[in-house]
Amino acid sequence: MFRVIGQRVAAFLPTLLATSFAIFIVVNVVPGSAARAALGITATPQAIARFENELGLDRPIFVQYLDWLSRVVTGDFGTSFQGRVPVGPDIARRLPVTLELAVLAFVIANLIAVPLGALAAFHHKRKIDTVITLLATLLGAVPNFWLSTLLILVFSLILRILPAGGFVSIATDPVRNLKLMIMPSLSLGIVSSALLLRIMRASMIEVLSTDYIRTALAKGATDSVVVWRHSIRNGLIPFLTVGAVEFGWLFGGVVIIEDIFLLPGIGSMVLVGIVNRDYPVLMASVLVITTVVLIANMLADIVATLLDPRQISIR
Amino acid sequence: MRQIAKSRKEPLFFRHERERYRLIVVGSLLVGLILAASIFAGTSTGYSPYEMNINEKLKAPSIDHLLGTDEIGRDVLTRAMYAARMSVQVAAIAVSIGLFGGGVIGILAAYHGGLVDLVLMRFMELLFSFPAILLAVVLMASLGTTLINAMAAIGIIFIPGFSRLARATTQGVLRQPYIEAARTIGMSDARLILREVLPNVVTPLVVEAMAAFGYAVLLESSLSFLGLGAQPPEPSWGNMLNTGRGFMVVAPWMSIVPGVAMFVGVLGFNLLGDGFRDFLDPKLY
């Protein structure tokens with residue numbers, strides 16, 4: 001088992017390395033010079049050359065990458081072109097905001113998906129299944145930024161019970177923090193629950209139709225024993241894998257949601273980086289998001305192995 | 001008893017068949033609505049999607065303007081219909097890029113195997129490790145915010161998914177006896193791929209393309225919402241919704257109309273995709 005976990009962790013590093021290289025290449029072909037964006041359109045060619053020379057932007061791209069990478073592994077994400085401030089502390093300030101948002105949204109998505117998916121599977125091909133499946137289909141077609149807009153319209157502008165945007169840290173004021181986070185996490189979570197619900201339902205249907213469940217029922221096991229003791233564990237395996245991918249999707253979705261609700265997280269940092277052509281900011285924020293996604297995928301792989309020891313002998 | 005009587009009238013087999021078609025029928029109706037809107041965008045309302053009319057600004061839905069007007073007096077229905085046309089075009093081209101690119105990569109990887117397979121699929125995995133919307137946003141920033149680039153960026157996002165499907169299906173096809181037979185009679189690689197492999201791989205890919213269509217519409221709207229897709233005054237559901245947010249209290253129709261249009265479009269394409277998928281793989285239903 002530890003060997004399997006070791007293998008997963010070992011496979012993670014090369015992937016992360018390749019991803020960092022891809023990010024560096026994509027970001028550094030951004031058209032429109034960073035120097036122009038930082039110095040303004042009136043900058044002289046000499047000033048631009050000096051700026052690029054100071055920041056090492058005139059060196060070959062591979063040299064720039066290695067230089068960047070060697071600093072990133074020590075936690076130094078460079079200095080932003082715009083404010084000339086270090087990017088690292090900014091990341092450290094913003095990451096908890098995004099993590100809180102993504103975790104809350106993920107919890108909401110699961111609270112909707114797991115019970116409803118299991119319920120639908122248990123009542124497969126009956127009315128309750130149809131209603132839940134229909135609900136999942138409808139939810140899956142709602143763009144999360146539209147849902148955000150509707151939530152703001154109803155809860156902030158009409159009912160006036162929730163603030164429309166902004167952020168207060170959970171340490172400063174937990175109640176206010178929750179009030180500010182509830183709409184963003186609902187927008188992300190409700191939409192994400194659609195796919196999770198379908199996967200949960202499908203995987204539970206498959207488990208509930210296996211022979212060992214029929215045997216358990218024949219032996220007189222009650223419905224709750226069959227569901228909780230025998231089915232959920234096996235039903236959760238495919239669900240976990242998709243869940244991790246969905247967490248990644250959620251983490252990507254924060255770009256839009258943070259923009260709408262004015263949350264100072266990593267997602268809004270990506271947009272700041274793009275608008276200002278601020279390469280260090282853009283690369284750092286994209287790298288952090290992708291790393292979190294890769295870690296989530298790796299953890300899901302490991303947990304799936306722990307839940308289903310059969311996978312160890314297969315691989 | 002009543003149920004038994006009913007099922008006697010309609011054998012169970014037909015009832016299942018009818019249920020299998022239901023998704024396709026509802027999906028086709030919704031997609032038909034969006035397609036009709038995009039086809040008749042120029043002729044049906046009598047308004048231009050660009051022309052401003054300050055005297056008519058922020059007018060609520062009425063006989064003159066069925067879905068109201070926006071902040072500079074443009075007809076919201078007309079703009080939503082033009083946006084439908086744009087969305088369908090972007091989605092069609094983006095999905096085609098994904099389908100073609102992913103199809104070629106997947107088939108080649110499966111056919112050649114070995115190092116080609118390893119390199120191509122590792123690269124696909126790399127693309128897959130980025131969250132879709134993040135990849136789209138970064139690609140748009142990198143390529144420049146034009147509509148053509150939006151199509152390309154969304155298309156690139158679809159390539160890994162299609163390539164995996166194409167590779168898996170091709171691997172299955174290559175094990176069939178008729179491939180061995182074709183090799184035995186001395187068919188060239190190109191001819192074998194085009195004549196024997198492709199026709200047997202294309203169906204699942206097309207079904208997947210249907211399902212991807214809804215997602216492409218969603219991605220395009222997201223990019224436009226962030227200001228990275230269609231640029232104003234070009235109407236897009238995403239940028240209409242973004243503008244509408246600023247007028248939510250005085251003109252809620254400005255954000256409700258594009259949202260409903262997006263919802264109908266995405267739902268329609270998703271249902272159609274699901275319907276066709278069930279039709280091919282009825283295991284779960």
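Q: How do the axes of helix 10 and helix 12 of chain A cross?
A: In this predicted model, the axes of helix 10 (residues 223-260) of chain A and helix 12 (residues 279-307) of chain A come within 9 Å and cross at roughly 175°. Axes are lines fitted to C-alpha atoms, for helices over the stretch in contact, with angles from 0 to 180 degrees between N-to-C directions. Helices here are DSSP runs of H or I with at least four residues, strands are runs of E with at least two, and both are numbered from the N terminus.

Q: Roughly parallel or roughly antiparallel, then?
A: Helix 10 of chain A and helix 12 of chain A are therefore roughly antiparallel to each other, a term for angles over 145 degrees, against under 35 for roughly parallel, 65 to 115 for roughly perpendicular and oblique for the rest.

Q: Which residues make the contact?
A: Among them are Leu236(A), Leu240(A) and Phe247(A) of helix 10 of chain A, and Val292(A), Ala296(A) and Val303(A) of helix 12 of chain A. Two residues are in contact if their C-beta atoms, placed from the backbone, lie within 7 Å.

Q: And what is the overall make-up of chain A?
A: Chain A has 13 helices and 0 strands. Its C-alpha atoms fill a box of roughly 85 × 55 × 35 Å along the principal axes.

Q: How many of its residues are buried?
A: Of the 315 residues in chain A, 39% are buried. Buried requires 20 or more other C-beta atoms within 10 Å of the residue's own, exposed 12 or fewer, and partly exposed lies in between, with C-beta atoms placed from the backbone.

Q: What about confidence in chain B?
A: Its mean pLDDT, the predictor's confidence in each residue from 0 to 100, is 87, and 92% of the residues score at least 70. The model scores ipTM 0.85 and pTM 0.87.

Q: Which conventions apply?
A: Residues are numbered from 1 along each chain as its sequence is written, and chains are lettered from A and ligands numbered from 1 in the order in which they are written. Local features need pLDDT of at least 70 and side-chain atom pairs count only at pLDDT 80 or more, while totals for chains, interfaces and linings use all residues.
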